[in-house]
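Subject: Structure handover

Hello,

Here is the structure I promised you. Please open it beside this email and follow along.

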Amino acid sequence: MRHLVEIAKTGLTAILLHPVRSSVTCCALLAILVPYLTGIGLAKGIEREAESSLRAGGDLYVSGSQFGRNTSLPVTIVPQIRELEGVIEVKPRIVGRLLLGRELVEVVVVGVPVSQYPASISCIEGRLPRAGAMNEFVVGTELARRLNLKVGALLPPFYRNPRGEHVSKIVGVFESDVSLWQSNLMFASFETAAEIFNQEGMATDLVVRCQSGYEDNISIAIRRKIAVSSPDSGNVIRLRVTSREELNVLLAGGQFHREGIFNLHFLLVFVIGILVILVTSGLGLPERRREIGILKATGWQTDEILLRSSVESLLLSVGGASISILVAFVWLKLFNGFWIAGIFISGVAAVPSFPVPFRLTPVPAMLAFVIAFAITMTGSIWSSWRAAIAPPDEAMR
Amino acid sequence: MPKQRSRLLVACCLAVSTLSAGGAVVQQSIPQDDVAARRDEFQSLVGGLGFGSSVDLSECPFSFDPRLRTACSHMEGPIPGGFFLCSKHVGCATGYPPLLPTRNTQADSSDHAASR
């Protein structure tokens, strides 16, 4: 046993004997593992935010459908849904897209009735909008940065409405760490959002909260009992009800869908990594072959040489994977995903204005170690074995 | 002796990097209750908004939130298989399939309303 431990220690010496080779191997592992870990970390972080979106949102989402596409709904159906057994609350909501400013900055406008605001809130610097003559908004951090908006700032009319346009006031800015989806948000009262889009009496969807166990019955009742038609044309609007359960299934299914594409992409990168280490380990390193020849000539057996090579690969993979995890962590935490967040999250600048959501879980970290070991071992064990089984004089030539 | 010192140095570096990596992963597992509470507060305020790896509604609202649009608009054309060419969710950190269409029972409610 002591003999094996002594041979294993020579694996550490082998790293020092070829510092360039060891550095190149580590760099190759970093190049492969760091993008993988940052991508998986970001995906896990967004997943956690999505879970919060589902948990704290409604139990059912009612939207309209015409020609199989989402359409808005008249708010006149809100009392009908409220009367259904098991319904606690129905919140009409407007979610719309707008372009603001000279640079046509993308904005997500969300309007919710003032009467359904919480009594107190801590995720805003400022206050919530109030009903009144002036349009009041709470904006997201990216929007505030790009349009140079602060609490108290005024916006000239940026929409068209036959009843007239009003000056708007910024009354709050969302805290940057509450969600990545707040970054381009303009939050207002339901009436303000309806005025901006010139859609009085219409909502994009209804957020329904219900008592536990009543979701299916309410969903069926909404589809069967409530008839909706467009106020202008009288054409039928079909109702679509999406439950939280359906979205949870989507979230779980999306994990496999995403990671399938991700892993396929990085499988190709790993294969290339094996080839890189193959080249640095034996095919392009005659000194290593002569070194193995000398060991054979001094009495080393093939299995002892392979053990030495395995320990060397293990230590390189442990070092490479550990440094990759640290680099990914520092990149996402301290540098806030500079540049890489913009690759994995659509619509984000190179320097995000919010803390990028990420989570380095144990499974991807362990996977990084396993993959690093697989790459280094596959790249070096074959060349070591070929040199070990050759006659010593041939290996030393 | 210098060789032994170098070996010791490499071993220490490996140990420190491994322990630091482990510490970073463990730190991520520690729940941050105050941040989670404000996150839930925001989501409760807006009624549950956001799901995918897009932060705006440009080009593909589906990649922002499937509650707003149940499928990618590129599925409807003009290019066949356009779903796989949509830059808003293909190749991004998250991806999920479209929401399955539900069985439409609106015909029942229309007939029911007409018969009254």
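A definition comes first. A crossing of two helices is called right-handed if the near helix is turned clockwise from the far one by less than a right angle, and left-handed if the turn is anticlockwise. Keep in mind that this is a predicted model.

Helix H9 and its neighbours in chain A

Start with helix H9 of chain A, residues 302-333. One partner is helix H11 of chain A, residues 362-389. The two pack at an angle of about 150°, and their axes are 8 Å apart. Angles over 145 degrees count as roughly antiparallel. That makes H9(A) roughly antiparallel to H11(A). Their crossing is right-handed. What classes of residue make the contact of H9(A) with H11(A)? There are 16 nonpolar and nine polar residues, and no charged ones.

Now look at helix H8 of chain A, residues 286-297. Its axis comes within 10 Å of the H9(A) axis, and the two cross at roughly 140°. H8(A) and H9(A) are therefore oblique to each other. This crossing is right-handed too. On the H8(A) side, the residues in contact are A:Arg288, A:Glu291, A:Ile292, A:Leu295 and A:Lys296. They meet A:Thr302, A:Ile305, A:Arg308, A:Ser309 and A:Glu312 in H9(A). By class, that contact has three nonpolar, two polar and five charged residues.

Stay with A:Glu312 for a moment. Its side chain forms a salt bridge with that of A:Arg21, at 2.6 Å from N to O. A:Glu312 lies in H9 of chain A and A:Arg21 in helix H2 of chain A (residues 19-56), so the pair ties together parts that are 291 residues apart in sequence. How many salt bridges are there over all chains? The count comes to 16.

Where chain A meets chain B

Next, the interface. Here 96 residues of chain A are in contact with 62 residues of chain B. Together the two chains bury about 6800 Å² between them. Of that area, 62% is on carbon and sulfur atoms. Which residues of chain A lose the most area to chain B? They are A:Trp181, A:Leu250 and A:Ser346, which together make up 10% of what that side buries.

Three salt bridges are found across this interface. B:Asp40 forms a salt bridge with A:Arg55, with the closest N and O atoms 3.0 Å apart.

H2(A) packs with helix H2 of chain B, residues 33-46, at an angle of about 50°. Their axes are 8 Å apart. H2(A) and H2(B) are therefore oblique to each other. H2(A) passes H2(B) in a right-handed crossing.

Over to you.

Best wishes

How values were computed: Residues are numbered from 1 along each chain as its sequence is written. Chains are lettered from A and ligands numbered from 1 in the order in which they are written. This is a predicted model: local features need pLDDT of at least 70, side-chain atom pairs count only at pLDDT 80 or more; totals for chains, interfaces and linings use all residues. Side-chain values use heavy atoms; hydrogens and water are left out. Axes are lines fitted to C-alpha atoms, for helices over the stretch in contact, and angles run from 0 to 180 degrees between N-to-C directions. Helices (H or I, at least four residues) and strands (E, at least two) are DSSP runs, numbered from the N terminus. Angles under 35 degrees count as roughly parallel, over 145 as roughly antiparallel, 65 to 115 as roughly perpendicular and the rest as oblique. Ala, Val, Leu, Ile, Met, Phe, Trp, Tyr, Cys and Pro count as nonpolar, Asp, Glu, Lys and Arg as charged, and the others, Gly among them, as polar. Contact means heavy atoms within 4.5 Å. Buried area is the accessible area (1.4 Å probe) that two parts lose on being put together, summed over both. A salt bridge is a side-chain nitrogen of Lys or Arg within 4 Å of a carboxyl oxygen of Asp or Glu.
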